[in-house]
Amino acid sequence: MIKFEHTEVVGWEHAIRGMRNPMNSWEKSDSFNSTAAWDSYRFGEGDPEIGQNDLDLMMQLRNAGTDHRKFMRMITVYVDITAPLCWWKEFDTYKVGTVANSCSTMHKIAAKRFERDDFSHEHLMDGGNYILNSTIDMLNEYRAQYLDSKDKKYWWQIIQLLPSSYNQKRTVMLNYEVLANIYKSRQNHRLDEWCEHEEMVYKNYMDDVESIEGQFSFCDWIESLPYSELITGPVLKTTYSMKGVNNMSIEMDLKKVDEVEKVKMDTYAVTPRNKE
């Protein structure tokens, strides 16, 4: 089980402005033509509206690699995620560009009685359900003894018996570059929380405070973000066969695409652009 709440994506204006700094091409930006328009987005009136010029440049820089797509690090995502501890152990692999504040098992583990829905149990068979139910009963017994006596030995029983299926909520900060790395690495993972559809309750992005609220996979959630193609694709082969770079065929080798893009971006970086 994994749940996403209070998704918010910020930093579009700053990312676009910074993206155009290297070539002083701010006048070519076509996403918004007034600060008031950006302010409307900031205060929750719909998704950002990225113009075609800006989106084309974003995709070019994205496909050129991490050295050129620094703007993606400036598009910041905030979200509350509830997921089992076994999933959080894998998520904690991603340390760079992430920040998380979690609900505390140390301080608040005994704050309420344990219930089945406090654990991810959707794949348990009969024997597993019996073990989980027995564990919950035992945890509640130790919780009652700890609350009555305040003896830490009972608290230790809770901490050391707590299953890895226990669901914990964390408020997480990420960015589009980190999400691109996660999506590439986890889209075929065996854990449902990474890449399999579960029950999904979808709310329109930027609908009041809660942009996405529901239970579905992390990769599905990434795909629901605004302009998620910056994170997910299309791949270079698809992008440049459609654009017909150097009249290459649709079966062009991916390595050749990389070479073409490197020359293209080196030229972009060092050659002044003529003003129209």
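## Basis and terms

Helices (H or I, at least four residues) and strands (E, at least two) are DSSP runs, numbered from the N terminus. The model is predicted, so local features need pLDDT of at least 70 and side-chain atom pairs count only at pLDDT 80 or more, while totals for chains, interfaces and linings use all residues. Residues are numbered from 1 along each chain as its sequence is written, and side-chain values use heavy atoms, with hydrogens and water left out.

## Positive phi at His-6

Most residues other than glycine have a negative phi. His-6, in strand β1 (residues 3–10), has a positive phi of about 55°. Its relative accessibility is 29%, and it therefore counts as partly exposed (buried is under 20% relative accessible area, exposed over 50%, partly exposed in between, with a 1.4 Å probe and protein chains only).

## Helix α3

Helix α3 spans residues 52–64, 13 residues in total. From first C-alpha to last it reaches 18 Å, close to the 18 Å expected at 1.5 Å a residue (the expected span is 1.5 Å times one less than the number of residues). Its buried residues are Asp-54, Leu-55, Leu-57, Met-58, Met-59, Leu-61, Arg-62 and Asn-63. Gly-65 follows α3 and has a positive phi near 110°.

Helix α6 has 24 residues and reaches 35 Å between its end C-alpha atoms, close to the expected 34 Å. Leu-132, Thr-135, Ile-136, Leu-139, Asn-140 and Arg-143 of α6 are buried, and what covers the buried residues of α6 includes α7.

Lys-150 lies in the loop between α6 (126–149) and α7 (152–161). Its phi is positive, near 60°, and its relative accessible area of 56% makes Lys-150 exposed.

## Packing of α6 and α7

The axes of α6 and α7 come within 8 Å and cross at roughly 155° (axes are lines fitted to C-alpha atoms, for helices over the stretch in contact, and angles run from 0 to 180 degrees between N-to-C directions). The two helices are therefore roughly antiparallel, a term for angles over 145 degrees.

On the α6 side, the contact (heavy atoms within 4.5 Å) is made by Thr-135, Met-138, Leu-139, Tyr-142, Arg-143, Gln-145, Tyr-146 and Ser-149. Helix α7 contributes Lys-152, Tyr-154, Trp-155, Gln-157, Ile-158 and Leu-161. By class, the contact has 8 nonpolar, 4 polar and 2 charged residues (Ala, Val, Leu, Ile, Met, Phe, Trp, Tyr, Cys and Pro count as nonpolar, Asp, Glu, Lys and Arg as charged, and the others, Gly among them, as polar).

Methods: Angles under 35 degrees count as roughly parallel, over 145 as roughly antiparallel, 65 to 115 as roughly perpendicular and the rest as oblique.
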